[in-house]
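Hello,

Here is the structure I promised to pass on. Please open it first, then read the notes below.

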Amino acid sequence: PGGGHSPQRNMAASLVAPIAFAAAPRVATRQLRASSGAPARASPRAFVVRAAADERQVEVTSSRRAVAVKAFAALTVAAAVRPAPALALFGFGEDPVAAYTAQTTAVIAQVRLTLDLPGDDAGKAAAIEKTRTLTNAWVARYRRDKVITGKVSYGNVYSALNAVSGHYNNFGTKYPLPVKRKDRVISEFKTAEIALSRGR
């Protein structure tokens with residue numbers, strides 16, 4: 001009455017005031033975050049999207065890593081397997097002493113076979129031609145190799161091959177090697193074989 005407040009109005013005001021007071025800190029907190037640039041809380045949906053993106057990134061990275069590992073393994077196998085025939089073809093990647101021993105042994109065997117064939121043997125001419133081919137290849141390969149030419153076996157074999165080649169060059173393929181010359185050649189070969197077995 002008379003400009004005063006009713007009890008009901010006073011009671012409502014007393015209830016509204018605490019609510020407004022309680023809400024004020026929340027508003028102030030939001031304002032403080034906005035003014036200080038603090039990041040707002042992400043929604044659950046944002047977390048789900050980000051997690052899915054991270055999983056896809058992990059899958060892509062793992063896939064790329066697996067591909068890289070397989071590619072490296074393939075290159076390693078190829079590098080270990082494929083070059084060997086090529087190196088062998090051009091004479092690289094082999095033990096030079098072992099190669100010399102093998103080739104020298106083959107030349108000695110071929111010359112012996114040729115010298116033992118009768119003069120009227122149908123394969124005599126072909127055997128002599130093969131002997132020439134092997135002799136020329138052997139001399140061309142090793143005559144400038146200081147490591148090989150210093151070996152005892154090289155001197156023995158070179159001397160024997162020179163005697164045989166000289167005979168066929170001067171007298172042709174129809175005349176057999178004289179007995180004394182043949183014996184000397186065989187003796188040189190025996191000495192060379194002993195030296196080869198000792199790595200000399």
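α5 and α7 are oblique to each other. The axes of helix α5 (residues 124–142) and α7 cross at roughly 135° and come within 11 Å. The crossing of α5 past α7 is left-handed. On the α5 side, the contact is made by Lys124, Ile128, Arg132, Thr135, Trp138, Val139 and Tyr142. On the α7 side, Tyr154, Val157, Tyr158, Leu161, Ser165, Tyr168 and Asn169 take part. By type, the residues of this contact of α5 with α7 are 9 nonpolar, 3 polar and 2 charged.

Before going further, note that this is a predicted model.

**The chain as a whole**

The protein chain has 8 helices and 0 strands. Of its 200 residues, 18% count as buried. Take the contacts in the chain with a separation of 6 or more: residues 24 or more positions apart account for 65% of them.

How confident is the predictor, and what is the mean pLDDT of the protein chain? The mean is 73, and 54% of the residues reach 70 or more. Over residues 11–25 the pLDDT is below 50.

Now to α4 and α8. Helix α4 covers residues 96–116, and helix α8 covers residues 179–197. Their axes cross at roughly 155° and come within 11 Å. Angles over 145 degrees count as roughly antiparallel, so α4 is roughly antiparallel to α8. The crossing of α4 and α8 is left-handed.

Which residues of α4 and α8 meet? From α4 come Tyr100, Thr101, Thr104, Thr105, Ile108, Val111, Arg112, Leu115 and Asp116. From α8 come Lys182, Val185, Ile186, Phe189, Lys190, Ala192, Glu193 and Leu196. The residues of this contact of α4 with α8 divide into 9 nonpolar, 3 polar and 5 charged.

**Lysine 151**

Lysine 151 sits in the loop between α6 (146–149) and α7. Is lysine 151 buried or exposed? Its relative accessible area is 15%, so lysine 151 is buried. Leaving out residues up to four places away in sequence, lysine 151 touches Val97, Tyr100, Gly199 and Arg200. Of these, Tyr100 is also one of the α4 residues that meet α8. Lysine 151 and alanine 192 are 41 residues apart along the chain. Their C-alpha atoms are separated by 9.5 Å.

**Asparagine 156**

Asparagine 156 lies in helix α7, which covers residues 152–171. Asparagine 156 is buried, because its relative accessible area is 13%, and under 20% counts as buried. Which residues does asparagine 156 touch, not counting those up to four places away in sequence? They are Glu188, Thr191 and Ala192. Ala192 is also among the α8 residues that meet α4.

**Where to look**

Start with the α5 and α7 crossing, which is left-handed. Then turn to α4 and α8, whose crossing is left-handed. Finish with the buried residues lysine 151 and asparagine 156.

Best wishes

Note on methods
Residues numbered from 1 in each chain as written. Predicted model: local features only at pLDDT ≥ 70, side-chain atom pairs only at ≥ 80, totals over all residues. Heavy atoms only, no water. Axes fitted to C-alpha atoms, helices over the stretch in contact; angles between N-to-C directions. Helix = DSSP H or I, 4+ residues; strand = E, 2+ residues; numbered from the N terminus. Parallel < 35°, antiparallel > 145°, perpendicular 65-115°, else oblique. Left-handed = near helix turned anticlockwise from the far one by under 90°. Contact = heavy atoms within 4.5 Å. Nonpolar A, V, L, I, M, F, W, Y, C, P; charged D, E, K, R; others polar. pLDDT = per-residue confidence, 0-100. Buried < 20%, exposed > 50% of the residue type's maximum accessible area, 1.4 Å probe, protein only.
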